[in-house]
Amino acid sequence: MKQGNLLYTGKAKSVYRTDIKGKLIVEFRDDITAFDGGKKDVLANKGSYNAEVSAFIFEYLGKNGVKTHFVKMLDPRRMIVRELSMIPLEVIVRNVAAGSIVRNLPFREGTELDPPVIVIDLKDDSRHDPMLNDDLIVALGLATPGEIKKMKGIALEINRLLADLLSMQGITLVDFKIEFGRQGKTIYLGDEISMDSMRLWDRKTGESLDKDVYRFDKGDVLKVYDSVMKRIAHPTTKTAKK
Ligand code: 5GP
């Protein structure tokens, strides 16, 4: 497969056309950003850590019946994916109160959310990704009520599968963000699931194992990403591969 023209470039990934119709290449770059791009750096190998974790998680979800855009890895930082028409929504599942819901709502950090809470934001940095509700999503023409129901169902299933996988490695899945796209009428999981898009806490120490290390200068982010990649993608317990 040949890499073609650049189709889209985001804050940490670039998407290229290929010589095969319906297939794209996603490149995970070493850029890291926070606060809608207000803080940014380039960290050697960061892209490959996220690519490896994303690929591992996509494969695990695929084996467990979740339709994802992932096809295969091309090299440590590039993956072949199915081309989707992306829906500009950030679907966030929260198991523990942290981050923006603690800043914006009267939740105390660390409070368990049972059942998990789904929040859907508009993917629009210029508006700071405002929180939507189902009526607004339909009124904006972004998804039908049936598609919203479907995305929420898939998000909860992913939450169950991911929380199980991470729990076996002593990691609490606090929250995560996913994005969906359509191919025809079918909805697929797109984008990535990595340390940039999940909030992870070490179950024993409570330490952050995700982009919060970078956002809030909590330590050596590359070291943390490397160790989390190993814990997730090269688990020591056999059961994690389901
Ligand atoms: P919060 O709303 O607390 O900032 O984020 C909730 C979860 O979604 C966190 O795991 C966070 O990393 C992820 N998240 C929210 N917005 C974005 C975004 O624009 N990009 C990425 N990669 N993750 C996001």
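Reply: Let's begin with a term for how open a residue is: it is buried under 20% relative accessible area, exposed over 50%, and partly exposed in between, using a 1.4 Å probe and protein chains only. What you see is a predicted model, in which local features need pLDDT of at least 70 and side-chain atom pairs count only at pLDDT 80 or more, while totals for chains, interfaces and linings use all residues. Residues are numbered from 1 along each chain as its sequence is written, and side-chain values use heavy atoms, with hydrogens and water left out.

The part to look at is helix α1, residues 46-63. Helices here are DSSP runs of H or I with at least four residues, strands are runs of E with at least two, and both are numbered from the N terminus. Start in the loop between β5 (39-42) and α1, where you will find asparagine 45. Asparagine 45 has a positive phi of about 75°, although it is not a glycine. With 40% relative accessibility, this asparagine counts as partly exposed.

Now for the helix neighbours. The axes of α1 and helix α6 (residues 221-233) come within 10 Å and cross at roughly 20°. Axes are lines fitted to C-alpha atoms, for helices over the stretch in contact, and angles between N-to-C directions run from 0 to 180 degrees. The crossing angle makes α1 roughly parallel to α6; that label covers angles under 35 degrees, while over 145 is roughly antiparallel, 65 to 115 roughly perpendicular and the rest oblique. The crossing of α1 and α6 is left-handed, a word used if the near helix is turned anticlockwise from the far one by less than a right angle, with right-handed used if clockwise.

Which residues of α1 and α6 meet? On the α1 side they are Lys46, Tyr49, Asn50, Glu52, Val53, Phe56 and Ile57, and on the α6 side Leu222, Tyr225, Asp226, Met229, Ile232 and Ala233. Contact means heavy atoms within 4.5 Å. The residues of this contact divide into nine nonpolar, one polar and three charged. For these classes, Ala, Val, Leu, Ile, Met, Phe, Trp, Tyr, Cys and Pro count as nonpolar, Asp, Glu, Lys and Arg as charged, and the others, Gly among them, as polar.

Aspartate 217 has a positive phi of about 50° although it is not a glycine, and at 62% relative accessibility it counts as exposed.

Helix α4 (residues 145-167) is another partner, packing with α1 at an angle of about 120°, the axes being 11 Å apart. The two helices, α1 and α4, are therefore oblique to each other. Here α1 passes α4 in a right-handed crossing. From α1, Phe56, Ile57, Tyr60 and Leu61 take part, and from α4, Ile158, Leu161, Leu162, Asp164 and Leu165. By class, the contact of α1 with α4 has eight nonpolar residues, no polar ones and one charged.

Five strands form an open sheet in the order β1-β2-β3-β7-β6, with antiparallel pairing. The edges are β1 (3-9) and β6 (70-75), each with a single partner strand, so one side of each is left without a neighbour in the sheet. From one strand to the next, the twist averages 30°. Two strands pair if DSSP finds at least two bridges between them; strand β3 (residues 23-28) and strand β7 (residues 78-82) do this in the antiparallel sense over five bridges. As one of the pairs, leucine 24 has valine 81 in β7 as its bridge partner. On this sheet, α1 touches β3, β6 and β7, and the direction of α1 makes about 150° with that of β6.

To put the picture together: α1 lies roughly parallel to α6, oblique to α4, and packed on the sheet through β3, β6 and β7.
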